[in-house]
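Me: I would like to go through a structure with you. Could you take my questions one at a time?

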Amino acid sequence: MLFRSGKLVCTGAKTHDQVRKAIETVVENIREAGVDIDEAPEFEVQNIVASADLGQPVNLTSVVISLGLERVEYEPEVFPGLVYRMTDPKVVILLFGSGRLVCTGARQPSDVEEAVIKIGEELRAADLLI
């Protein structure tokens, strides 16, 4: 997405190299359209989305009780997943009864890894995972 302000948002890339290539392509197309761009724009990763599987089903009602109501949203009539707002690392995890999860809001791949390990440890400590 290219905005009037000159800001550019790239989604769907899986690596920094893919982001860089996409930005270079857009900049080249804009230059070919007659717009003067002096240098290649810098970019910053702001949101990594990743999925993982805990390897077994999870009782989401028990998870709500275990992880605490202040960081968890679970309304199965509205959405089948539990929303867990982790504070360190600062990410949001969508956890499903199947044991699959989606982690969003990470800025580095290491944040995703840390979050998945941490939620697994928290669920094992509460005897919700083997």
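The conversation below covers salt bridges, cysteines, a helix and a surface patch.

Me: Before the details, what kind of model is this?

Reply: It is a predicted model.

Me: How many salt bridges does a search of the whole structure find?

Reply: The search returns 3 salt bridges. One of them joins glutamate 44 to arginine 107, with the closest N and O atoms 3.1 Å apart.

Me: Where do glutamate 44 and arginine 107 sit in the chain?

Reply: Glutamate 44 belongs to the loop between α1 and β1 (48-53), and arginine 107 to the loop between β5 (100-106) and α3 (109-125). The two are 63 residues apart, and the pair links distant parts of the chain.

Me: Glutamate 44, buried or exposed?

Reply: Glutamate 44 counts as exposed, because its relative accessibility is 54% and the cut-off is over 50%.

Me: Which side chain meets arginine 100 in a salt bridge?

Reply: That is aspartate 53, with an N to O distance of 3.8 Å. Here strand β5 holds arginine 100 and strand β1 holds aspartate 53, so this pair too links distant parts of the chain, 47 residues apart. Both residues are partly exposed: arginine 100 has 39% relative accessibility, and aspartate 53 has 45%.

Me: And what about arginine 85, which residue does its side chain meet?

Reply: The side chain of arginine 85 forms a salt bridge with glutamate 73, at 3.2 Å from N to O. Arginine 85 is in strand β3 (residues 82-86) and glutamate 73 in strand β2 (residues 72-73), so the bridge ties together parts 12 residues apart in sequence. Arginine 85 is partly exposed at 42% relative accessibility, as is glutamate 73 at 41%.

Me: Changing topic: how many disulfides are found?

Reply: The search of the whole structure gives 0 disulfides.

Me: Now α1. What is its span?

Reply: Helix α1 has 17 residues and reaches 24 Å from its first C-alpha to its last. That is close to the 24 Å expected at 1.5 Å a residue.

Me: Which residues in α1 are buried?

Reply: Val19, Ile23, Val27 and Ile30 are buried in α1. They lie on the same side of the helix, because they cover an arc of only 65° around the axis.

Me: Which residues are exposed on the other side?

Reply: Asp17, Lys21 and Glu32 are exposed there.

Me: What happens just after α1?

Reply: Glycine 34 adopts a positive phi of about 100° at that point.

Me: Last topic: which residues make the nonpolar surface patch?

Reply: Met1, Phe3 and Val9 make the patch, which is about 290 Å². Methionine 1 lies in the segment before α1 (16-32), and at 60% relative accessibility methionine 1 counts as exposed.

Key. Residues are numbered from 1 along each chain as its sequence is written. This is a predicted model: local features need pLDDT of at least 70, side-chain atom pairs count only at pLDDT 80 or more; totals for chains, interfaces and linings use all residues. Side-chain values use heavy atoms; hydrogens and water are left out. Patches are made of residues with over 30% relative accessible area and no salt bridge: like charges are joined within 9 Å, nonpolar side chains (Val, Leu, Ile, Met, Phe, Trp, Tyr) within 5 Å. Accessible areas come from the Shrake-Rupley method with a 1.4 Å probe; for residues, only the protein chains shown count as cover. A salt bridge is a side-chain nitrogen of Lys or Arg within 4 Å of a carboxyl oxygen of Asp or Glu. Helices (H or I, at least four residues) and strands (E, at least two) are DSSP runs, numbered from the N terminus. Buried means under 20% relative accessible area, exposed over 50%, partly exposed in between (1.4 Å probe, protein chains only). A disulfide is a pair of cysteine sulfur atoms within 2.5 Å. The expected span of a helix is 1.5 Å times one less than its number of residues. The arc is that of the directions from the helix axis to the C-beta atoms.
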